[in-house]
Structure formats: C-alpha cells, structure tokens
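I opened my notebook to get to know a new structure. Here is what I looked up, entry by entry.

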Amino acid sequence: MDFSYWLNIEENLLLTATQPGRIQQLIDLSHQSNFHIGIISNDYPLLSHLTLAENVALSSMYHQNLTLTQVRKRIQDAVEALDMASIMDSPPARVTRKETLKAFLLRCVANNNSVVVANRPPHSETEDLLAWLERLPRRMRLWVTCLDKHAPAYMDFTLKKIAIGDARRQGVA
Amino acid sequence: MIASLVRGVGEVTIRRSQPVIHMAVILGQTLRALAGLSLFNAVVLRTTIRQMDSIALKALPMVCVSALVLGSITVHYLLASLTSLGAYDRIGEYLIASLVHEIGPVTCAIILMFRSGTATITEVAHMKLEGELDTLHMLDIPLKDYVYLPRVFSFALAGLSLTLVFILVSMLGGYFTMGYFQDITFDNYLDQILYALEPDSLVILLVKPLCMALAVAVLSIQRGMSVLTSYADIPSRLTQGLMYTVTLIIVVEVVFIIFS
C-alpha cells in the first residue's frame with residue numbers, strides 16, 4: 001500500500017479492494033500514521049460513558065495533556081460549522097446517527113488529521129461527509145473505502161478511484 | 001494412554017492458569033503505568049476521579065450502615081462478655097482483633113466486590129463488546145492508562161479509606177448505639193483501644209484492605225476482559241467473578257492469619 005503516494009494526492013479518493021481483508025489492512029496501517037489519518041467507522045465507536053465533547057477531545061487530552069476546555073476552544077470553529085455546539089455535552093446514546101457521524105469527524109479535527117478514512121460508508125453518509133468537510137475551517141481530505149463490486153454506487157461523487165494494492169498506480173477519475 | 005493423560009492435564013493446567021497469568025499482566029501493567037506517572041495525565045486523572053466517585057464515595061453510605069450494624073453487635077457482645085468476666089484490660093485487644101484485623105477489611109472487600117466489582121465487570125465487558133477498546137487502540141491510548149490504572153488505583157484507595165471509615169464508625173458508633181449500656185465509660189473505652197493499638201495492627205490496617213481491594217479490582221477487570229463475543233457471556237462472567245473474588249479474599253485472609 002502506497003500511503004505516501006496517496007497522501008500527495010490533493011483530491012478525495014475512492015479506495016477500492018477486491019477483498020475486505022485489504023481494506024482492514026489499510027485501516028490497521030492508518031493507526032500507525034502518527035495521526036495523519038483519522039478513521040470514521042462503526043468499528044471505532046464513541047465511548048458510551050463520555051459526552052460527545054469528551055469523546056472528541058479524548059486523544060488530544062491524552063497525548064498533549066490538554067484540558068477539556070483547551071481542546072473545546074481549539075475546535076470551537078469546527079463545532080459551530082457543523083452545528084454541534086448545543087449537543088456537545090450529550091452522551092452518544094442520546095444523539096442521532098448524523099450527529100454521531102459529525103462527532104466522528106470532529107474527533108478527526110481535534111486530532112489534527114489531514115485525511116479522514118470512511119470505511120465503507122453508505123451512499124447518503126458519503127454525501128453528508130463531503131458536505132460537512134466543505135464547511136470545516138481547515139481542509140481535510142476524504143478517503144472512502146469500498147469493495148470493487150460496490151464502487152459504482154460512489155460514482156456520482158467527485159472521488160478519484162484507486163485500487164488498493166494497484167502497483168501501477170492507475171487513477172481513474 | 002499416558003500421552004493423552006499428560007496432554008489432558010497440560011491443557012487443563014494451561015486453561016486454568018490463563019486467568020491468573022492475565023491478572024498478573026493487568027497488575028504488572030498497572031504498576032508500570034503508575035511508575036510512569038500516568039496518573040498526572042489529564043485523561044487518566046479525569047477517569048480516576050470519576051472511578052473514585054463511583055467506587056469509593058458512593059459506597060460510603062453502605063459502608064457506614066454496615067459498620068454501624070456490625071460494630072454495634074460486636075461492641076455490645078464483646079463489652080458484655082468481657083465486663084461480666086472482669087477482663088476490662090482485654091477490651092481494646094479484642095476490639096482491635098475483631099474489628100480492625102477481621103471484620104473491617106473483609107466487610108469492605110465484600111461491599112467493594114458486590115457493588116463496584118460487578119459494575120466493573122459489566123463496564124469492561126460492555127467496552128469490549130461494543131468495540132470501545134478498539135477505539136482506544138485506534139486513538140493510541142493504552143489500556144493500562146485508561147482502563148487498568150484508574151480502576152485499580154481507585155479500588156486500592158477505596159479499600160483503604162472505606163476500611164478506615166468502617167473501623168471508626170463501628171468502634172465509635174458501636175459504643176454510642178449499644179455499648180454505653182455496659183459498665184464502661186467512653187474515656188475508658190477509648191483508652192483501652194488506643195492502648196491496645198500496636199504497630200502490627202497499623203500494618204494490617206494498611207496492607208490487608210489494600211491486598212483485598214487489589215484482588216477485587218484486578219479480578220473484576222480480568223473477568224470483564226474475558227467476555228468473548230456476546231452479552232450472554234456477561235452473567236456467567238459475573239458469577240465466576242464473584243466466586244473467584246470470594247476465594248481470593250479467603251486466600252488473603254489465610255495468608256494474613258499464617259504470617260501475623
């Protein structure tokens with residue numbers, strides 16, 4: 001997997017694979033990207049005993065030893081851009097699916113990720129994610145992963161298609 | 001025949017010893033996190049304070065009520081028996097031996113086990129089944145810092161402080177509830193207790209509750225982590241956890257009896 005090549009591409013990507021294992025490999029490698037790459041996936045849910053704000057701030061608080069207030073101040077613009085200010089103190093169980101997705105995105109913002117990987121999101125969520133990314137104060141790219149056979153469902157988005165493990169680095173717009 | 005017997009014994013030994021090894025790993029990683037001053041990290045400190053609130057502070061009313069009931073009975077019977085025998089000079093010694101050495105630590109460990117141990121097993125199992133432990137891994141937050149240290153530390157502190165509260169409430173409350181019926185003044189009662197306090201008793205007062213609380217904490221986390229695939233596993237892990245914890249409390253008790 002050529003992460004450095006993908007990271008140099010400024011466009012949003014559609015990363016396709018023939019097998020789910022290849023996508024999982026990409027997700028696993030993303031963990032080691034030193035927070036360049038954030039992940040939006042149901043496999044990594046919000047912690048149920050924390051509020052949305054605490055969930056979003058958790059990683060920054062731990063790795064940079066910041067207080068919750070400091071992290072909230074840092075991501076205030078993004079929170080307001082996504083209309084999340086009024087529910088940041090709610091627990092994850094009390095928010096809608098869309099608000100949970102926004103919290104996932106804010107978690108990536110708080111972690112200073114430059115790329116967000118959405119693991120096999122449904123069509124409607126991909127549309128939402130692209131729209132929300134446009135509203136964020138800081139530019140972040142979206143990498144959507146999916147199986148080859150599901151790729152046609154994402155064709156109406158402006159995503160550069162790349163096959164995971166494609167040694168020829170062929171991109172098809 | 002012999003080979004299959006040896007294989008069978010080996011498999012059982014490995015299967016049975018796995019939880020113990022896992023517990024040792026949890027305790028070791030907790031101590032490493034403690035030595036690495038992780039407690040001063042903003043997230044770890046916040047989680048620890050939250051755990052202390054639920055494990056120690058919220059258990060306080062239950063500990064006080066238990067201490068008052070058990071203290072009243074113990075103080076009443078001990079004072080009645082010893083004063084009727086004229087053994088005034090043994091009152092402090094017997095009270096220390098019963099309340100400080102035995103009833104206090106064991107009762108607090110049992111309260112911790114039923115109240116917070118079960119909650120910890122369920123919480124950790126829930127975190128595992130819901131993928132929240134994977135989230136921590138994704139965020140590069142070690143389990144030793146977020147899951148182990150806050151809980152083990154809170155249990156240890158709760159064990160010590162609740163036992164201390166139990167002993168104070170049982171001794172003082174016990175006297176004022178039923179003890180003052182007996183032929184002994186409060187001043188004399190206090191003098192007897194303070195006179196009977198020895199360094200050994202203080203060591204037991206600190207070390208025994210700590211050992212029992214650590215046993216409850218580590219076992220609860222281990223049982224929670226051992227849940228495999230479904231919520232249906234949790235009740236069986238809870239029951240196993242309670243049984244194992246009772247066994248561990250008895251083991252600690254026996255060790256202290258042997259070495260004290």
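This is a predicted model: local features need pLDDT of at least 70, side-chain atom pairs count only at pLDDT 80 or more; totals for chains, interfaces and linings use all residues.

**Entry 1: what I am looking at**

**Entry 2: chain B as a whole**

I started with the secondary structure of chain B and counted 9 helices and 0 strands. Reading from the N terminus, I get α-α-α-α-α-α-α-α-α for the order of elements. I then looked up the box around the C-alpha atoms of chain B, which is roughly 65 × 55 × 35 Å along the principal axes. Chain B has 260 residues, and 43% of them count as buried. I also checked how far along the chain its contacts reach. Among contacts in chain B with a separation of 6 or more, 88% are between residues 24 or more positions apart.

**Entry 3: where B touches A**

How many residues of chain B are in contact with chain A? I found 11 on the chain B side, and they meet 14 residues of chain A. On the chain B side, helix H2 (42-55) and helix H5 (132-138) each supply at least two residues. H5(B) gives the most, with 4 residues. I sorted this side of chain B by class and got 5 nonpolar, 3 polar and 3 charged residues.

**Entry 4: the largest nonpolar core**

Next I looked up the largest nonpolar core, which has 114 residues. The members that touch the most other members are A:Leu105, A:Leu106, B:Leu112, B:Phe155, B:Ala213, B:Ala215 and B:Val216. Helix H6 of chain B, residues 143-177, gives the most to this core, with 16 residues.

Which residues is it in contact with, leaving aside neighbours within four places in sequence? My list reads A:Val56, A:Ile75, A:Ala78, A:Val79, A:Leu82 and A:Met84.

**Entry 5: H3 against H6 in chain A**

H3(A) covers residues 52-64, and it packs with H6(A) at an angle of about 30°, with the axes 8 Å apart. Angles under 35 degrees count as roughly parallel, so I call H3(A) and H6(A) roughly parallel to each other. Their crossing is right-handed.

**Entry 6: H6 against H7 in chain A**

I stayed with H6(A), residues 97-110, and turned to its packing with H7(A), residues 123-135. Here the angle is about 50° and the axes are 11 Å apart. Are the two helices parallel or oblique to each other? At that angle, H6(A) and H7(A) are oblique. This crossing is right-handed.

H6(A) brings A:Lys98, A:Leu101, A:Lys102 and A:Leu105 to the contact, and H7(A) brings A:Glu125, A:Asp128, A:Leu129 and A:Trp132. My tally by class is 4 nonpolar, no polar and 4 charged residues.

I found A:Ile27 in helix H2 of chain A, residues 20-30. It has 17 other C-beta atoms within 10 Å, so A:Ile27 is partly exposed. Not counting residues up to four places away in sequence, A:Ile27 touches A:Ile39, A:Ser41, A:Val117 and A:Asn119. I looked up the A:Val117 pair too: A:Ile27 and A:Val117 are 90 residues apart in sequence, yet their C-alpha atoms are 8.0 Å apart in space.

Most residues other than glycine have a negative phi. With that in mind, I wrote down two residues of chain A.

- A:Asp83 is not a glycine, but its phi is positive, about 55°. It is in the loop between helix H5 (76-81) and H6 of chain A. With 12 other C-beta atoms within 10 Å, A:Asp83 is exposed.
- A:Arg120 is not a glycine either, and its phi is about 45°. I located A:Arg120 in the loop between strand E3 (115-119) and H7 of chain A. It has 15 other C-beta atoms within 10 Å, so A:Arg120 is partly exposed.

Note on methods
Residues are numbered from 1 along each chain as its sequence is written. Chains are lettered from A and ligands numbered from 1 in the order in which they are written. A residue is buried if 20 or more other C-beta atoms lie within 10 Å of its own, exposed if 12 or fewer, and partly exposed in between; C-beta atoms are placed from the backbone. Two residues are in contact if their C-beta atoms, placed from the backbone, lie within 7 Å. Ala, Val, Leu, Ile, Met, Phe, Trp, Tyr, Cys and Pro count as nonpolar, Asp, Glu, Lys and Arg as charged, and the others, Gly among them, as polar. Axes are lines fitted to C-alpha atoms, for helices over the stretch in contact, and angles run from 0 to 180 degrees between N-to-C directions. Angles under 35 degrees count as roughly parallel, over 145 as roughly antiparallel, 65 to 115 as roughly perpendicular and the rest as oblique. A crossing is left-handed if the near helix is turned anticlockwise from the far one by less than a right angle, and right-handed if clockwise. A nonpolar core is a set of buried Ala, Val, Leu, Ile, Met, Phe, Trp, Tyr and Cys residues joined through C-beta atoms within 7 Å.
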